[in-house]
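Here are my notes for you, written as numbered points. Keep the model open beside you as you read.

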Amino acid sequence: MAPQASSISAALREASLAAAVALVLALPLAGVRLPSGAAEPLAFRPWWVVAAVLAVFVGRFLIALHISTRRPRAFAAPPLFDRALGAMTPWRRWIFAGFIVAVALLPLMPFADRRMIDLGSLVLIYVMLGWGLNIVVGLAGLLDLGYVAFYAVGAYSYTLLAIHFDLNFWESLPLAGAFAALFGVLLGFPVLRLRGDYLAIVTLGFGEMIRIVLINWSDLTGGSEGISSIPAPTLFGLSFTANPAAGETAFHQFFGIPFAGVHKLIFLYYLILALALLTHVFSMRIRRLPVGRAWEALREDEIASRALGLNPVMVKLSAFGIGAMFAGFAGAFFATRQGFINPSSFTFIESAIILAIVVLGGMGSQMGVVCAALVLVLLPELARDLAGFRMLLFGAAMVAIMVWRPRGLLSHREPSVRLGDRAGGAP
Amino acid sequence: MSAAHAMQSELPLLEVRDLTMRFGGLTAVDRLTFAAHSGAITALIGPNGAGKTTVFNCITGFYRPTSGAIVIERGDETYRLDRLAGHRIARDAGVARTFQNIRLFPNMTVLENLLVAQHARLMRASAFSLAGLLGLRRYRDAEEAGIALARSWLERLDLVQYADRDCGTLAYGLQRKIEIARAMCTQPALLCLDEPAAGLNPRETTELSRLIISIRDEFGIGILLIEHDMSLVMGISDRIVVLDHGARISEGTPAEVRSDPAVIRAYLGEDDTANGEGGR
Ligand SMILES: Nc1ncnc2c1ncn2[C@@H]1O[C@H](COP(=O)(O)OP(=O)(O)OP(=O)(O)O)[C@@H](O)[C@H]1O
Ligand SMILES: [Mg+2]
């Protein structure tokens, strides 16, 4: 079907607008080449700007034209991805179980090297954080842009408890979770009346506040230098050092095997896998309990929830507290894995990545979080060779997912209870 | 109505005294006084904008009244609704409501909606989630009881087949019924229905009036009804309170109200509700 004059002029208008925006952006971004040495002057590259603006103009024009002339399909079959997902739905439990087994076996595979195991535990940290934030954002519908604050609280709680009170990892893990939960509730109080954008702004500020306090309270936190030589965790008292202190037994000595640095990495991998699975099992169970349903009800309609006797204060605070607790656990793990921490690990970009994992994965979807964490954590790591184009690729992937699946990769919501599963239930 | 007449002499369940609600310069409710009894259907009628929904919002704690008192007697307890926190009005004072523009949880299933309504009881049984997380018998029994209650309402309203469907995907008439079922799952002492027949077809409206009567007779609870459909109101109400510009202009049995000149004047004054047959 031939494009009509009206649609061409509309497309031209769209394209001009896009080109104007491109011009504004391209002037400083592409038009100027920064000098490599101080003595060199700024080099202007007008042709780069022309090329960029032209590319945007033509591209936008073609896209607009394509959209306006496309005939709406009467019987649009669900896209391939949806159909594949639909076919997989009855098997979701098995697929998830198989996935867990594969993840659990990964470090034992012959092809698993140090880098892969280390990357694996990094991905698992983000999966755990994503699952934790999913409670707050996906279930309770509270847009939290400062989630990294609780991650920081967990990391610093563990570090300080380990260094000043000589507590080992297993003793301080629950305490780190408890501290983070406490901070979650503290943040919850002032933001009880806020929703949506307002809530997002306040939580964002809270995240920055925690980071700035960490930088400035140098007596306690070591300021921007951070704290180093954080003790590593032990496996039932077995440490993972080559030469354990007197009176301690190292892992390799106990099992009578030669020392290998990878043992510690594998141990850390299983540790974060266990913590992440704990988060998963907990969220799955609590979703089916009255609190979990109350979170979702509050997300759906706060006024109706109140009319049914739900106390919005308690419902929100419990979501903030429990979500923060898991960030605290993850933070403790992060500290012990790194061996040192400083405030630059807890910047806003971390919150943004965790939130992106939840949103791109599909709000409330556990498996979606896994997929999105894989994409968002692995992509920048694997694309390291692309240097400058890394963030561009990252951004493009995010835009692609949002265009292609605006509700997230996997946005299926499983009911917390079914009448159909019961004897004499619904057909 | 026989059940209701026996109740009339008893103490009222709900008493609204001199209730006034102002929004800036606008007086939406003006020194309103009325009572509602257990086992009776009390209708609140009046032209559009008369202040009926505002009265509901005051009773259910969404608005703090400018002045006046709202008192409910439940068991031996007396609650001042004009001072009680919103969620406690539903949880402790036993007031359940539906909304003029339906407020279900659209992305949750029908059954889940009905379980959220039983939150307080289930929460206690789950020992604030501990017993639930551990899967203790005590919580599982309570959950089964909750599902059984929900199922009994679904069966009663012929909704069992929709139990596992998301509320947002269901037809309007079904959603209205589910909202009533959800309110009843809170096991209230007073049920407030805000235009339950709006948007229903005649067959559904007949079904609805039978449902409301059966709730009154079977559970003996008080029912407050806002409705524009006059044949429905006149057919099932035990008492009617007529509002105009926030003030009570008449009160009595349907027969009394129908022949009250003040009521006729109020309705004739409104173009779109000229014959009193519902302005919606
Ligand atoms: N929150 C509010 N702020 C300001 N004015 C309000 C508010 N709520 C209601 N009003 C005003 O109070 C008056 C009564 O409104 P209300 O919704 O109670 O009427 P109603 O009797 O329920 O009407 P309808 O039959 O159309 O539902 C109206 O003039 C309305 O504009
Ligand atoms: Mg109204």
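**Notes on the model**

1. Let's start inside: the structure holds three cavities of 30 Å³ or more. A cavity here is a set of points, on a 1 Å grid over the protein atoms alone, where a 1.4 Å probe fits but cannot get out. The volume of the largest cavity is about 40 Å³, a volume being the space filled by probe spheres set on the points, with grid points joined across faces, edges and corners.

2. Before going on, remember that this is a predicted model, where local features need pLDDT of at least 70, side-chain atom pairs count only at pLDDT 80 or more, and totals for chains, interfaces and linings use all residues. Residues are numbered from 1 along each chain as its sequence is written, chains are lettered from A and ligands numbered from 1 in the order in which they are written, and side-chain values use heavy atoms, leaving out hydrogens and water.

3. Which residues line the largest cavity? They are Trp131(A), Asn134(A), Ile135(A), Leu139(A), Ser283(A), Met284(A), Arg287(A), Gly364(A) and Gln366(A) (lining means having an atom within 4 Å of a point). Two elements of chain A, α5 (114–139) and α11 (262–287), each give two or more residues to this lining, and α5(A) has the largest share, with four. Helices (H or I, at least four residues) and strands (E, at least two) are DSSP runs, numbered from the N terminus.

4. Now follow α11(A) to its neighbour α14 (residues 312–338) of chain A: their axes come within 11 Å and cross at roughly 175°. Axes are lines fitted to C-alpha atoms, for helices over the stretch in contact, and angles run from 0 to 180 degrees between N-to-C directions. The two helices, α11(A) and α14(A), are therefore roughly antiparallel (an angle over 145 degrees).

5. Over in chain B, four strands form an open antiparallel sheet in the order β2-β1-β4-β5. Strands pair if DSSP finds at least two bridges between them. At the edges sit β2 (26–36) and β5 (77–80) of chain B, each pairing on one side only. From one strand to the next, the twist averages 20°.

6. Zoom in on β1 (residues 14–23) of chain B: seven bridges join this strand to β2(B), and the two run antiparallel.

Key. 1 Å grid on protein atoms, 1.4 Å probe; cavity = no way out; pocket = protein on both sides within 12 Å on 5 of 7 lines; lining within 4 Å. Parallel < 35°, antiparallel > 145°, perpendicular 65-115°, else oblique.
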